[in-house]
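Here is a short report on a predicted model.

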Amino acid sequence: MNAGAPVMGGEGLTRRFGDFVAVDRLDLNILSGEVVGFLGPNGAGKSTTIRMLCGLLLPSAGSARVAGYDIRTQAEAVREHIGYMSQRFSLYNDMTVRENLRFFAGMYRVARSERAQRMKFAIRMAGLEGRENALVRTLAGGWKQRLALGCAILHRPPVLFLDEPTSGVEPEARRRFWDLIHDLAAQGVTTLVSTHYMDEAEYCNRIALIDRGRLVAMGSPRELRAHELGGTLYALRCQPLGAALQLTLTQPGVVEAAIFGDRLHVVLAPPGPESASITADELIIRLRQAGVDAGQAHPVSPSLEDVFIRLVSPPHQNRNHP
Amino acid sequence: MNLRRLFALAWKESLQIWRDPRSLAIALLMPLMQMGILGYGVSLDIKRVPLCVFDQENSQQSRAMVNSFVASGWFRLSRRLVRDDDVRDAMDRGSCSAALVIPVDFSRRLSQHGSAAVQAIFDATDVNTTNIALGYAQGALALASQQMYARWAAAHGVAATRVGQVDLEPGTWFNETLDSRNFIIPGVVAVILALVGAQLTSLTISREWERGTMEQLISTPVTALEVMLGKLLPYFAIGMLDAGFCLATAVFWFHVPFRGDLFTLLITTLLFLVVVLGIGYLISVRIRSQLGASQVALLLTMLPANLLSGYTFPIDQMPGAIQTLSLVVYARYYVSILRGVFLKGSTIDDLWFPIAGLSLYALLILWLAARAFRKRLD
């Protein structure tokens, strides 16, 4: 598949469970060889979307094509061309590393001539040399995850779906896992990987941010940082933080405010002719007037986390802003 | 359908059974235990009915009467009573289920009239036992009368002739020793296979759901048919092993006569296994918890197999509606096949009706089971 060619596309993808809309008219377009991070809070619809794309759940509305096949009508062909790692570890705990690999090689009909070599590759990739005959239940989390990835790529799928592959895995193992994903991407594998670790977003070529079933932003980490904030970000040391946050949120021109460690992060809308936005200096004066011990405000370059807080917030905290 | 995937699944399933103590116990221990419990425990014969005797006369004649009851082997003297009230008391305590009362003028009447009556009282709470005990009592009495007549004839120097007496010479076919075990054991085999087979497969799909491995499995291109056949294959082997064990135990341990041919037995057993394993699999697809699936499997196999298969209660003695209902109890076909093959030496031709019933059942179950499994999470 050519690098940069569309390999996965969804249009109006919707999934309802009873009255609950888990995924709401999602459009998605992913190119060959991309590593796309699927980000959003718990329950945002990440897993449901991935399961639909894998053919495990039928969409209530909308359509999608994966590796050139329709997920509604050609689910089996889709399954031939994807690798999937589910959120919950789902290999066989009562079987050994080698037995699991052999089983999934059988399920994917990996050619016999290639099987030994593919299994060896997976074992090396997962760093499981010497543990081939260990029961999976005896392995630590990071190894299990890498073995699951190994099982998912035995048949060289062009598309990979990884649903929170690093959750509950220690940081060292997480970084190693991301190295593997990039190795695969270098070989042209397209990967959609969901996570709720914000720091992992930086490892992705592009990020799809999903909230309450809807796609709220999509772009490279740099694009998101540059465009999605809607103003300038200031960091502000002040005490007490709670009262400062309450007060700040009531000020005109404050797009977003949140506590970040021992500071307050505030996004101020750019001053416009008709808006009554306040400046950073004005904000500090108002805080001090209200009895808050506030220091200087420094403009900071936003992290992705700032962007997500701006884009994904519970409805009761959403402010009306100009 | 891809054979490689099918065998990969069968291999994986075998590994898991081998490593799962619960499955192994059901597969190997349950038939052993049940064969022992049911084979020994269930018998419709009543041997040595406990008998109380209230001998009011206590003469030589009356004692001879009692002796011939005990000597018949059907009764066991449990208590001698001395008062009328004792009869009721002994019955209430359950120390006897039959009582023999010999009147005080027994030998006088016998010598004067040539006949005398004795009273036999039965605890009829268990009708089946009572009927059998009644039969035994009549037999014992006839024996006693004959002996008395012989003694009387010898004492009076008369040739002991039988006048105007018609003798029935009963001929019992197929189960000559009238041993109810011969009749019950083939049924026991059917019940055990139904129970074990459905139990085993009832866990196979629900286990994958419960352990969370199903999601990975159905994300592969494996088809529903491959899943069904691949998973049933190892259980089929276990089922045949269990069947071989149970049938061999019936023949070599319990000495049930085997008069049929092995081929008929093999074909019909294969058919029966398809049905029971298929039913367990169907349950497993429908119910996603192992405990629930195993309970439903128990309910759907044990109850009908015990009550409506004709294994203990003869089907042709049931009311019409129940007889019709028993047609859907798959175990009844195999019970009648096994009895035919074991005791009568029936062949496939003779057994066309139960074989047709089983075949129809097997097809229906396989069709339903193949359709039941959906490769979706919802």
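Across which strands of chain A does helix α9 of chain A lie? Helix α9 (residues 280-289) of chain A lies across β11, β13 (263-268) and β14 of chain A. It runs at about 170 degrees to β14(A). Axes are lines fitted to C-alpha atoms, for helices over the stretch in contact, and angles run from 0 to 180 degrees between N-to-C directions. Helices (H or I, at least four residues) and strands (E, at least two) are DSSP runs, numbered from the N terminus.

This is a predicted model: local features need pLDDT of at least 70, side-chain atom pairs count only at pLDDT 80 or more, and totals for chains, interfaces and linings use all residues. Residues are numbered from 1 along each chain as its sequence is written, and chains are lettered from A and ligands numbered from 1 in the order in which they are written.

**The sheet**

Four strands of chain A form an open antiparallel sheet, ordered β12-β13-β11-β14. Strands pair if DSSP finds at least two bridges between them. The edge strands, each pairing on one side only, are β12 and β14 of chain A. The twist averages 25 degrees from one strand to the next. Five bridges join β11(A) to β14(A). A:Q239 has A:D293 in β14(A) as its bridge partner. Helix α10 of chain A also packs on the sheet and touches β11, β12 and β13 of chain A. Its direction makes about 125 degrees with that of β12(A).

| Element of chain A | Residues |
|---|---|
| strand β11 | residues 232-239 |
| strand β12 | residues 254-260 |
| strand β14 | residues 293-299 |
| helix α10 | residues 304-311 |

**Chain A overall**

Chain A has ten helices and 14 strands. Its C-alpha atoms fill a box of roughly 75 × 40 × 40 Å along the principal axes. Mean pLDDT (the predictor's confidence in each residue, from 0 to 100) is 88 for chain A, and 94% of its residues reach 70 or more. Over residues 316-322 of chain A, pLDDT stays under 50. Where pLDDT is low, the predicted coordinates should not be read in detail.

**Chain B and the contact**

The contact takes 21 residues from chain B and 23 residues from chain A. Two residues are in contact if their C-beta atoms, placed from the backbone, lie within 7 Å. On the side of chain B, α1 (3-19) and α9 (214-218) give two or more residues. The largest share, seven residues, comes from α1(B).
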